[in-house]
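Subject: Structure handover

Hi,

My notes follow below it.

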Amino acid sequence: MYVFFSRSASQCVGMFNRTSATVEANSRGNDIHDDVDDGTFVCTTCGRAHKNKVTLMLHMRSHASPRMFQCMYCGKAFLKLNLLSKHMVCHNMARPFQCEICHKSFKRNFELTGHMKVHTGTKSHVCDLCGYATIHKSNLEVHKKRHIGDFKFHCDICKKGFYSNTELQGHLTMHTGQKHPCEICGKGFALKQNLNVHLQIHDPDRHNKRFQCEACGKSYQHKNKLICHLRSHTGEARFVCDICGKSVTSSVSLRTHRRLHTGEKPFVCDMCGKAFNSPNYLRIHKRSHTGEKPHSCDQCGKAFTQRSTLVVHMRYHTGHRPFRCELCCKGFVTRTLLTTHQKCHK
């Protein structure tokens, strides 16, 4: 499983010994940069900051020395055996950590712990500039860069900046034309994650895997989303807007609603610059760039970017008209059509 590089005895001595690293740090104090303003020690090669000389010297070996422990599957190498052991999990297909609520499984326990926050609604990392909240600290760090234009990744061809490598890789397909093809229908996608979403429409059991509301027929992929939706029928809308008094079923919905009053639109499309007050609206909008239509009709094959549009479309097949005029009893597939019809009675 592990591939070891040969080293001389003098090279290996103290490779992972913090004591020897301390001696080395003291003897080579002039070779590193001490930022006296904030008390950190900065690597002169990559600029990474460290709290003390010991950790900096350990870090500097990643630049100066060949890595000892190499993965036999992908060739990636590591300075320490425990780092290689953690890496090997990504090649193991076993997912022993399972969520008791939605039954989704994970390879690592910390991934399950982070996932559970999705069900509890705990978003402890909040942006102090716009109020954006997220489960993961890393997401907040990436989000904050959008306020200051701090681009970590740049396209070598057109020099455009991006906040994440995923966004950069998606952009590069515009130059190369390379896409991720669906093996079933041949449709291509710029991002692999878009392909994964698309593959769900080819799953014959996808509708059986959803949790459906018995009151209105709306369905959800996760049980906690259905529970939250049921509050709209029972009147348990516990979150009230202090501006207009509207009640919503979750803190996330309230935060999104309040942006209608403030005009905040913190979620920006990296392809066209259009901004939205909800990450869900941004995700749906991006499909207009990728051409992705993950929701398809089982009867006629027509595809849609949003599930809600598919639900309305299906009513034309089934004849279901949930919105009825109280004056003439005529039924309609949407409330908007009913409102338009009611004007003819005035």
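His313 sits in helix α12 (residues 307-318). Helices here are DSSP runs of H or I with at least four residues, strands are runs of E with at least two, and both are numbered from the N terminus. His313 is buried, at 14% relative accessible area. Buried means under 20% relative accessible area, exposed means over 50%, and partly exposed is in between (1.4 Å probe, protein chains only). Leaving out residues up to four places away in sequence, His313 touches Cys297, Cys300, Lys302 and Phe304. A contact is heavy atoms within 4.5 Å.

Before you go further: this is a predicted model, where local features need pLDDT of at least 70 and side-chain atom pairs count only at pLDDT 80 or more, while totals for chains, interfaces and linings use all residues. Residues are numbered from 1 along each chain as its sequence is written, and side-chain values use heavy atoms, with hydrogens and water left out.

Helix α12

The helix has 12 residues. From first C-alpha to last, α12 reaches 16 Å, close to the 16 Å expected at 1.5 Å a residue. That expected span is 1.5 Å times one less than the number of residues. The buried residues of α12 are Leu310, His313 and Arg315. They pack against β21 (295-296), β22 (303-304) and β23 (323-324). Just after α12, Gly319 takes a positive phi of about 80°.

Confidence

pLDDT is the predictor's confidence in each residue, from 0 to 100. The protein chain averages 75, and 80% of the residues score at least 70. Among the elements, helix α1 (residues 9-12) has the lowest mean pLDDT, 38. Strand β24 (residues 331-332) has the highest, 90. Over residues 1-32, pLDDT stays under 50. For that stretch the model has 53 contacts beyond four places in sequence.

Whole chain

The protein chain holds 13 helices and 24 strands. Of its 346 residues, 31% count as buried. Take the contacts between residues at least 6 apart in sequence: 20% of them join residues at least 24 apart. The chain exposes about 22,400 Å², and carbon and sulfur atoms supply 53% of it. Areas come from the Shrake-Rupley method with a 1.4 Å probe; for residues, only the protein chains shown count as cover.

Salt bridges

A search of the whole structure finds three salt bridges. The rule is a side-chain nitrogen of Lys or Arg within 4 Å of a carboxyl oxygen of Asp or Glu.

- Glu111 and Arg108 meet at 3.0 Å, N to O. Glu111 is partly exposed at 26%. Arg108 is also partly exposed, at 23%.
- Asp242 pairs with Arg258, with the closest N and O atoms 2.4 Å apart. Asp242 lies in the loop between β17 (239-240) and β18 (247-248), and Arg258 in helix α10 (residues 251-262), so the pair ties together parts that are 16 residues apart in sequence. Asp242 is exposed at 63%. Arg258 is partly exposed at 30%.
- Lys286 and Asp270 meet at 3.6 Å, N to O. This pair links distant parts of the chain, 16 residues apart: Lys286 is in helix α11 (residues 279-290), and Asp270 is in the loop between β19 (267-268) and β20 (275-276). Lys286 is partly exposed at 25%. Asp270 is buried at 18%.

Cysteines

A disulfide is a pair of cysteine sulfur atoms within 2.5 Å. By this rule the count comes to zero. Cys158 is partly exposed, at 37% relative accessible area. Cys127 is buried, at 3%.

Backbone notes

Lys159 is in the loop between β11 (153-154) and β12 (161-162). Its relative accessible area is 57%, so Lys159 counts as exposed. Cys329 is in the loop between β23 and β24. At 52% relative accessibility, Cys329 is exposed.

Best regards
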